[in-house]
Amino acid sequence: MLKESGAWAKVEGAGFQRKCGAEFVVANGSRWQQFWFAKGLIPGYGETFQVERAKFDHVLLDHAASCGCEVRQGCAAKDVTRERDEWRVTLEEGEVRGRWLLDASGRDSFLGRILGFAKKPMNLTKRIAVYAHFHGVYRNPGDAEGHITIVRLEDGWFWLIPLAEGKVSVGMVRPLEDLKQSGGIAEEWFARTVASSSELTRRMNGAKQVGQFYKTADYSYHYEQMAIDRAIMVGDAAGFIDPIFSSGVHIATKSGQIAAGLILRADAKKRGLTAAEQSRYSRHVHRHMEVYREMISMYYDNRSFEVLMHPEARFGIVPAVTSILAGNFHPSFPMWWRVKLFQLVCRIHRHTPIVPRLDYSEA
């Protein structure tokens with residue numbers, strides 16, 4: 001999608017950390033598993049980048065401007081109204097008008113909130129993410145230096161994402177209720193959890209925090225209706241799902257690509273989106289999110305996670321799972337049946353052990 005938009009060369013030249021795969025580690029270090037993107041089911045996607053979102057978004061924003069978009073910054077949108085086929089967006093100073101409105105406001109869900117659309121939770125446990133940047137965190141050697149490391153707790157997980165210039169993003173995701181029971185101070189909870197894990201202690205030994213901690217809670221939702229005749233919600237404005245499989249940028253860029261195509265075709269015919277087009281767009285985005293939701297539910301189930309940590313080499317299951325981990329889901333039949341087989345194995349393992357059990361206890 002970035003190549004099609006013409007932005008890929010600029011992303012390649014931005015100095016981001018190369019990323020060739022992902023690794024999962026149990027918090028006590030008892031089990032470790034690596035996945036390499038080059039071994040995925042879909043060829044041609046052997047590496048990507050670990051990006052700092054502020055810098056990545058700026059590259060894309062500058063690219064949009066170079067393509068002819070008028071970009072206004074420091075210019076908050078306050079309200080939106082509609083008169084027939086024209087939208088009017090009220091800004092802090094003045095207003096803008098247009099035939100079409102694309103809401104890419106992220107989790108603020110500007111349009112959905114103003115139009116009163118109902119947010120639907122995604123039937124996942126309410127969790128909170130606590131995260132910051134650090135220097136001095138352990139980095140893997142060789143081509144694995146850019147791997148995201150997932151350190152699995154019995155009731156949550158940590159991400160360790162190596163970035164450029166020696167920085168590493170470290171985040172903890174655990175049930176929101178656990179934070180309340182711990183006293184409510186997220187930074188202290190983060191530090192205690194690191195200290196309780198031998199694997200995290202080893203990787204974080206001597207690390208120095210850069211900047212402040214951030215917290216994000218209750219973050220899995222979607223809108224049933226994501227489009228009306230002359231407006232479309234894209235990316236996180238339409239829905240957001242737990243970031244364990246790094247699906248956010250994929251869903252955001254994919255939904256943006258689909259929305260752009262719909263609008264170009266309809267505008268050329270001087271009409272809005274038909275009811276069928278609106279419904280088809282929502283179903284397409286829902287389908288992508290549902291694949292990840294099912295994988296996420298499996299990941300948080302301790303028994304299913306045991307299957308992930310002992311991947312089956314037959315039937316191409318590992319390449320299919322690797323492609324999903326790479327954020328590279330295509331709803332083709334070869335991908336679909338392998339993912340379904342993996343999910344079936346996970347369900348069977350919950351009742352009848354197929355792979356060894358994992359022990360989360362510290363020695």
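Which hand does the crossing of H8 and H9 have? It turns out to be right-handed, a crossing being right-handed if the near helix is turned clockwise from the far one by less than a right angle, and left-handed if anticlockwise. The structure is a predicted model, with local features needing pLDDT of at least 70, side-chain atom pairs counting only at pLDDT 80 or more, and totals for chains, interfaces and linings using all residues. Residues are numbered from 1 along each chain as its sequence is written, and side-chain values use heavy atoms, with hydrogens and water left out.

Helix H8 covers residues 248-268 and helix H9 residues 275-300; helices (H or I, at least four residues) and strands (E, at least two) are DSSP runs numbered from the N terminus. The two pack at about 165°, their axes 11 Å apart, where axes are lines fitted to C-alpha atoms over the stretch in contact and angles run from 0 to 180 degrees between N-to-C directions. H8 and H9 are therefore roughly antiparallel (over 145 degrees). On the H8 side, the contact (heavy atoms within 4.5 Å) is made by His 250, Ile 251, Lys 254, Ser 255, Ile 258, Ala 259 and Leu 262. H9 brings in Glu 277, Tyr 281, His 284, Val 285, His 288, Met 289 and Tyr 292.

The loop between H8 and H9 holds Lys 270, a non-glycine residue with a positive phi of about 55°. Lys 270 has a relative accessible area of 75%, so it counts as exposed (over 50%, with buried under 20% and partly exposed in between, for a 1.4 Å probe and protein chains only). Ser 109, also not a glycine, has a positive phi of about 45°. Ser 109 sits in the loop between strand S8 (101-103) and helix H4 (110-115), and is buried at 1%.

Over in strand S2 (residues 21-26) is Glu 23, buried at 0% relative accessibility. Its side chain makes a polar contact of 2.9 Å with the side chain of Asn 140; such a contact is a pair of N or O atoms within 3.5 Å, where within protein one must be able to donate a hydrogen and the other to accept it, and residues adjacent in sequence count only if both atoms are side-chain atoms.

Strand S3 (residues 32-36) includes Trp 36, which is partly exposed at 27%. The side chains of Trp 36 and Gln 34 are joined by a polar contact of 3.4 Å.

Note on methods:
Angles under 35 degrees count as roughly parallel, over 145 as roughly antiparallel, 65 to 115 as roughly perpendicular and the rest as oblique.
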